[in-house]
Amino acid sequence: MLHVFQYQPLRLITQNSLSSMCLMLSRPVGFAQIWKSWFSSHSLLGKKNIILMGPPGAGKTTTGRIVGQKLDCPVIDIDDDVLETTWNMSVSEKLQDVGSEEFLEEEGKALLKFSASGSVISLSGSNPMHSAGMQHIKKNGIVVYLDVPTTVIMSRLKSKQMERIVGLSPGISLKDVLQFRKQFYKRWFDIRVLCGGDVAAEVVAEKVLDAVKRYQDSELETFISTRSSRSGRSMEEDSNKFYFSDVVIQGLALDGGLFVPERGLPKFTAEEWQGLIEATYVERAQVILERCIHPADIPASKLAGIIETAYGENFSCSKVAPVRHLAGNQFLLELFHGPTASFKDFALQLMPHLFAYCIPRSCNYLILVATSGDTGSAVLDGFSRLHDTDKQRIALMNFFPEDGVSPIQKSQMIGCQKENAWSVGVKSDFDFCQTAIKQIFTNSDFTGFLTVEYGTALAAANSINWARLLPQIVYHASAYLDLVHQGIISFGSPVDICIPTGNFGNMLAAFYAKMMGIPVRKCICASNENNVLTEFIRTGVYDLRGRKLISSFSPAVDILKSSNLERYLHLIANEDGQLVTQLFNQLENQGHFQLQKDLLGKLQQDLVAGWCSDEDCLAAIHSVYSTTGYILDTHTAVAKVVADRLQDRTCPIIISSTAHYSKFAPAILRALRIAEINQNPLSQLHLLSSYSALPPIHWGLLETLKKTGNGDHQVCAADMSVLMSHIETLIQNHFM
């Protein structure tokens with residue numbers, strides 16, 4: 001019998017000194033390790049079964065026969081070979097004879113008596129609705145879900161004139177039946193295979209075999225540092241493989257680089273993307289993230305639950321990330337419907353649950369975060385929603401520039417403090433906060449001291465953490481699919497994407513969506529007066545010499561050192577870690593670097609850039625409100641100005657609306673030409689609400705300010721020793 005536990009990989013986790021201690025205390029080895037040991041000494045199938053599951057009309061029987069032929073193993077169709085043999089009548093006759101409810105019970109009893117090994121089994125469409133029967137058959141196999149769009153299934157069933165389906169009755173449509181069944185399919189599958197309408201059974205069978213091979217071998221999905229290269233890696237580095245669970249926990253590579261998938265991101269076919277056009281946001285997220293996270297790290301059923309928790313009731317819009325037409329060929333991707341009103345919610349409602357699942361239960365972790373504004377409240381809110389048992393072993397410290405965020409952002413970060421999460425204002429700018437955290441992570445003396453003295457490891461939740469980037473890929477892909485669904489474009493037509501950019505994470509996620517098969521033509525980087533990225537994209541020179549950070553009305557992009565740019569350069573440099581190391585060491589030591597001509601050419605094929613002054617930003621807010629009644633936030637306005645200047649109007653352009661305007665009320669009121677502005681954040685929101693503009697005042701932000709007002713928070717000097725002292729004190733207070 002295959003015993004299934006919640007999986008915790010026995011792999012290198014964080015600081016080397018902590019790893020051995022945590023591994024000894026970790027939970028029982030989970031199902032993925034059992035699978036891994038079993039498959040190391042058996043063939044693709046062995047004594048286990050491949051179990052094909054899906055709605056009626058999904059092609060399970062035909063696909064099963066082809067897979068069986070390729071593997072030279074027995075093929076069993078539950079309808080033909082089990083049910084009809086047991087009942088001595090056809091399935092349709094049995095359904096007509098006993099009715100849907102009794103049919104499901106009889107079908108389940110037959111499944112409980114069935115056993116097989118080393119076979120390909122095609123389930124009936126209703127088998128998954130009987131819990132005991134599915135538990136029995138799943139013990140000895142891998143359940144593969146043939147996921148076919150509902151519209152395709154309905155068309156197939158109509159052409160086959162299939163009238164007798166379990167659950168179909170007067171008043172209940174076929175579409176209702178198929179939608180109802182999805183919850184059962186999602187409960188049981190180990191692997192999902194996307195099947196479009198015109199995909200041949202032979203192709204589906206190959207997909208099944210490829211998916212089973214991937215399921216068996218998590219060794220193929222490892223991560224490397226942007227500062228390592230295959231040619232220069234030592235035997236020790238090759239033996240210490242990093243998996244998804246490891247990089248979520250560790251955050252930053254020990255050599256100071258950022259983790260990236262060694263074999264790149266998965267690619268979807270056009271047919272697979274088209275199969276998601278009618279899907280909900282949650283369904284799209286599940287499909288995309290399943291392909292990016294190996295089930296040995298997080299099983300598909302567990303991942304589905306995490307995603308539903310993250311994007312369920314916590315978002316005020318049922319579409320989660322809706323696309324709204326602004327004017328002409330411009331569309332807004334509204335990313336502010338989460339609890340803290342910024343795009344950061346998409347990652348930080350999800351990541352805490354991924355992190356809590358991946359870490360060993362007997363170890364304590366302190367999350368360190370540096371924010372230029374929106375990350376702070378988002379990460380505080382996200383980790384505050386963990387289960388109480390997880391809060392006891394996971395704490396969070398959020399560093400932000402004390403005078404470098406908006407008053408409402410600061411009020412949010414103070415108000416979102418919880419029993420396991422604190423905010424600390426630093427008398428410096430964001431670049432200092434971010435650099436300080438990187439240095440703390442690579443300070444082996446300090447991290448070792450925390451491990452030995454307090455049994456606590458450090459982890460990161462900034463956009464340098466791979467688990468922060470993945471969820472952002474989803475909404476860029478989803479926006480494109482929404483335009484197709486709305487009939488604005490047909491699949492395959494290109495779009496441009498314009499993003500207000502500071503740390504390059506959101507921009508990188510859009511580029512990753514392009515790599516995975518979304519037809520993005522150009523990614524447009526929009527900067528404010530801190531336009532080092534714009535200059536770099538135009539010239540190939542990244543130059544911080546003599547540059548001082550300028551405080552602007554768009555503080556989230558008041559950044560000079562863009563961390564995630566390192567991942568992009570590693571990619572276009574063909575994973576040349578030595579070159580990346582050289583470039584960023586030069587930036588750190590000399591304040592500048594210059595790309596080679598060939599790399600600059602590659603970069604400029606993907607990216608274009610522009611920047612916007614504060615005056616132009618405010619003018620854009622006023623202009624858009626005057627003509628449409630819609631209020632842009634300051635960051636979205638920066639992107640709007642740059643999009644107007646750089647787009648050629650030959651294709652739609654999706655502008656990422658990264659925050660709700662409520663967060664930047666003083667600047668918005670100034671843009672709307674209000675003469676006297678009350679300094680109280682709550683009063684500012686009430687004034688904005690009187691405009692009855694679109695979108696309405698953000699519900700979560702208003703409630704937070706009503707409840708918390710101006711609470712207390714710690715403030716410290718821009719000194720590394722002071723920051724480390726704060727960290728140690730927090731650990732003593734929370735974990736000891």
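Both faces of strand β1 are covered in this predicted model: N49, I51 and M53 are buried on one side, and I50 and L52 are buried on the other.

With strand β4 (residues 141–147), β1 pairs in the parallel sense over 5 bridges, and M53 stands opposite Y145 of β4. Strand β3 (residues 120–122) also runs parallel to β1, and 3 bridges join the two. Here I51 is the residue to look for, as I51 stands opposite I121 in β3.

On the scale of domains, the domain assignment of the protein gives domain 1 as 49–216 and domain 2 as 323–338 + 488–708. The C-alpha centres of domain 1 and domain 2 lie 46 Å apart.

Helix α26 (residues 565–572) is another mostly covered element, with 7 of its 8 residues buried. The buried residues of α26 are L565, E566, R567, Y568, L569, H570 and I572. Just after α26, the backbone at N574 takes a positive phi of about 55°.

Rolling a probe the size of a water molecule over the atoms shows where empty space is left. The count comes to 6 cavities of 30 Å³ or more, and the largest cavity has a volume of about 270 Å³. Its lining comprises 26 residues, of which F343, K344, N503, A556 and I559 are the closest to the centre of the cavity. Helices α18 (374–384), α23 (466–485) and α24 (505–515), together with strand β14 (495–500), each supply at least two residues of this lining. The largest share, 3 residues, comes from α24. Sorted by class, the lining of the largest cavity holds 13 polar, 10 nonpolar and 3 charged residues.

The second largest cavity holds about 110 Å³ of space. Its lining is made up of V260, P261, G264, L265, W466, Y512, M515, R567, H570, L571 and E575. Two or more of these residues come from each of β7 (259–261), α24 and α26. Helix α26 gives the largest share, 3 residues, and two of the lining residues, R567 and H570, are also among the buried residues of α26. By class, the lining of the second largest cavity has 7 nonpolar, 2 polar and 2 charged residues.

Note on methods. Residues numbered from 1 in each chain as written. Predicted model: local features only at pLDDT ≥ 70, side-chain atom pairs only at ≥ 80, totals over all residues. Heavy atoms only, no water. Buried < 20%, exposed > 50% of the residue type's maximum accessible area, 1.4 Å probe, protein only. Helix = DSSP H or I, 4+ residues; strand = E, 2+ residues; numbered from the N terminus. Pairing = 2+ DSSP bridges. Domains from an automatic or database assignment. 1 Å grid on protein atoms, 1.4 Å probe; cavity = no way out; pocket = protein on both sides within 12 Å on 5 of 7 lines; lining within 4 Å. Points joined across faces, edges and corners; volume = space filled by probe spheres on them. Nonpolar A, V, L, I, M, F, W, Y, C, P; charged D, E, K, R; others polar.
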